[in-house]
Amino acid sequence: MIEPFANNHQSMQIGELVIENQEDKIIIYGDLDLTLDASGYEQAQQLHALTAKIIQAFEVNDTYSKNDSKSKENDDQLGKVIDNPFL
């Protein structure tokens, strides 16, 4: 199990669903078929545990509510009008 937002090198897989950990985001891609059997139940439990850890990381670290202003402050084009090259 990964530690959400803790580092840039952890990853895990549930079925064909790949979860990559980074310090500023969690990347999830692939497919997951939750079948109504023991295998599907086990995968659903893993997915539930992972999402619970991700939610807990958000609750412990409240900087997620401040990310919008940070990304706007770091925008190189803030306040500039740029011509659309496709027009």
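The dialogue below takes up the model, the sheet, the helix, the core and the salt bridge.

Q: What kind of model is this, and how are residues numbered?
A: This is a predicted model, in which local features need pLDDT of at least 70 and side-chain atom pairs count only at pLDDT 80 or more, while totals for chains, interfaces and linings use all residues. Residues are numbered from 1 along each chain as its sequence is written, and side-chain values use heavy atoms, with hydrogens and water left out.

Q: Which secondary structure elements does the protein have, and in what order do they run?
A: Elements are DSSP runs numbered from the N terminus: helices are H or I of at least four residues, strands are E of at least two. Here there are two helices and three strands, and from the N terminus on they run β-β-β-α-α.

Q: How is the sheet put together, and which strands are at its edges?
A: Two strands pair if DSSP finds at least two bridges between them. In this model three strands form an open, antiparallel sheet in the order β1-β2-β3. The edge strands, β1 and β3 (26-31), each pair on one side only.

Q: How many bridges join β2 to β3?
A: Six bridges join these two antiparallel strands, which form a hairpin with four residues between them. On the other pairing, β1 and β2 (residues 16-21) are joined by four bridges. Leucine 17 can be followed in both: its bridge partner is isoleucine 14, and it stands opposite glycine 30 in β3.

Q: Where does helix α1 lie relative to the sheet?
A: Helix α1 lies across β1, β2 and β3, at about 145 degrees to β1.

Q: Which residues make up the largest nonpolar core?
A: In soluble globular proteins, nonpolar side chains tend to be buried together. A nonpolar core is a set of buried Ala, Val, Leu, Ile, Met, Phe, Trp, Tyr and Cys residues joined through side-chain atoms within 4.5 Å; buried means under 20% relative accessible area, exposed over 50%, partly exposed in between (1.4 Å probe, protein chains only). Here the largest core has eight residues: Ile2, Met12, Ile14, Leu17, Ile19, Ile26, Leu50 and Ile54. β1, β2 and α1 are the elements that give two or more residues to this core. Of the 87 residues of the protein, 17% count as buried.

Q: What does isoleucine 26 touch?
A: Contact means heavy atoms within 4.5 Å. Isoleucine 26, in strand β3, is in contact with Ile2, Pro4, Phe5, Ile19, Glu20, Asn21 and Ile54, leaving aside neighbours within four places in sequence. With residues up to four places away likewise not counted, leucine 50 touches Met1, Ile2, Met12 and Ile19.

Q: How many salt bridges does a search of the whole structure find?
A: A salt bridge is a side-chain nitrogen of Lys or Arg within 4 Å of a carboxyl oxygen of Asp or Glu. The search finds one: glutamate 3 with lysine 53, with the closest N and O atoms 2.7 Å apart. The pair links distant parts of the chain, 50 residues apart, with glutamate 3 in the segment before β1 (11-14) and lysine 53 in helix α1 (residues 38-60).

Q: Are these two residues buried or partly exposed?
A: Glutamate 3 is partly exposed, at a relative accessible area of 41%. Lysine 53 is also partly exposed, at 24%.

Conventions. Axes are lines fitted to C-alpha atoms, for helices over the stretch in contact, and angles run from 0 to 180 degrees between N-to-C directions.
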